[in-house]
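Please open the structure in your viewer and keep the selection tool at hand.

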Amino acid sequence: MRLRLIAVLCFSLITTAAFAQFSDPDGGDLERGVLPDKWMTGGPKCMEIPEWQVHEYNPNLYILRQSGCTDAEMPFLFLFFGKDRGLLWDTGSRKGNLGPAFQLVVHDWLERNHRTSIPIIVTHSHSHEDHTFGDSAIQALHDPAIPIEFVPAKVADTATYFHIASWPKDLGQVDLGGRVLNIIPIPGHDVVSIALYDRHTGILLTGDSLYPGRLYVRDFAAFQASTERLIAFVKDKPVAHVLGNHIEQRRTPFLDFPIGSIYHPDEHPLELTYGTLLELEDGLLSIQGKPRRLAMRDFTVWPLSPNEQGLGTKMEEIYKQTQEQQLRDKWNQPK
């Protein structure tokens with residue numbers, strides 16, 4: 001038994017090395033970056049928490065997280081810079097007030113790089129309100145230093161802009177100027193869900209289709225096909241991090257925060273791995289085409305009932321109760 005376990009472990013290590021990394025021990029020519037040990041959430045004292053936490057992954061990639069004190073969704077946004085233009089992935093949720101934080105990051109980048117302006121493409125991981133609410137604020141900026149190229153979160157607009165010939169089977173891409181971003185259609189959570197792969201950093205953005213939390217699935221067959229297509233795309237590419245748009249999971253395996261929580265003490269890290277993507281595939285295959293809730297170590301596959309609106313009456317009640325308690329205590333959350 002012991003020899004068999006060692007053999008399985010060795011095979012796993014060989015497989016991971018063969019498919020997920022450069023042959024170079026130092027990671028080849030990937031641009032390095034740093035993720036924080038801990039993200040701000042929504043407390044314990046909301047008076048001390050800014051509307052947006054801005055984190056510099058490296059000088060040309062920034063991650064913005066909306067505070068839970070403004071909205072319990074706490075989405076992550078990603079801002080990439082190339083030589084010719086930048087790309088903003090999502091615009092945040094309700095009460096986000098994204099404009100000032102977005103402008104500050106872009107203007108600081110311009111000052112650092114001795115530039116006077118740069119166009120920014122604004123696109124979306126999918127069309128849900130907690131990722132598109134800031135659209136109107138960004139479109140209303142009219143900042144001459146930041147011309148906006150806006151891509152509506154619709155299948156036709158997304159396919160056209162990123163040159164996706166046949167949705168969802170074909171791939172798209174955009175060149176920011178010496179920085180090509182690949183776009184992979186991954187419907188299932190939403191009809192217009194997409195993933196993004198950055199060749200410079202090896203970062204894979206998966207939106208709401210894979211993150212540490214509850215993976216709400218509207219179309220199970222499409223979600224499974226999208227997962228397979230995403231794995232096929234990245235299997236021969238280096239993946240430094242898989243980054244989704246939320247954190248709903250605790251560091252403790254199999255344990256999440258109640259829906260509606262604005263404060264996440266002991267929160268799971270944002271970053272997942274290529275191995276997590278393979279775990280998602282294995283979990284979906286184990287269901288054998290019969291949608292049901294499946295709890296994995298770092299996420300839960302959560303099919304939604306076609307007979308209920310939103311997330312269902314039970315989840316809506318939990319959301320309401322959690323919000324009442326946490327918003328009452330938002331100025332001094334119990335630790």
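Begin by selecting Ile203 and His241: Ile203 stands opposite His241, which belongs to strand 12. Strands here are DSSP runs of E with at least two residues, helices are runs of H or I with at least four, and both are numbered from the N terminus.

Before continuing, note that this is a predicted model, in which local features need pLDDT of at least 70 and side-chain atom pairs count only at pLDDT 80 or more, while totals for chains, interfaces and linings use all residues. Residues are numbered from 1 along each chain as its sequence is written, and side-chain values use heavy atoms, with hydrogens and water left out.

**Strand 10 and its partners**

Select residues 203–207, which form strand 10, and then residues 241–244, which form strand 12; the two run parallel and are joined by four bridges. Two strands count as paired if DSSP finds at least two bridges between them.

Asp198 stands opposite Ile203. Four residues lie between the strands of this hairpin, and Gly202 takes a positive phi near 75 degrees there.

Now display the side chains of strand 10. In a regular strand, side chains alternate between the two faces of the sheet. Ile203, Leu205 and Gly207 point one way, whereas Leu204 and Thr206 point the other way. Is this strand enclosed or open? Five of its five residues are buried, so strand 10 is largely enclosed by the rest of the structure. Buried means under 20% relative accessible area, exposed means over 50%, and partly exposed lies in between (1.4 Å probe, protein chains only).

**Aromatic pairs**

Rings of Phe, Tyr and Trp (its six-membered ring) pair if their centres lie within 6.5 Å; planes under 30 degrees apart are stacked, over 60 edge-to-face, and the rest tilted. By this rule there are six aromatic pairs.

Select Tyr62 and Phe81, an edge-to-face pair at 6.1 Å centre to centre with 85 degrees between the planes. Tyr62 lies in strand 2 and Phe81 in strand 3, so the pair ties together parts 19 residues apart in sequence. Both residues are buried.

Move to Tyr197 and Phe233, also edge-to-face, at 5.8 Å and 75 degrees. Tyr197 is in strand 9 and Phe233 in helix 6, 36 residues apart.

**Charges over rings**

Finally, select Lys237, which lies over the face of Phe233 at 4.1 Å from the ring centre. A charge sits over a ring if NZ of Lys or CZ of Arg is within 6 Å of the ring centre and within 35 degrees of the ring normal.
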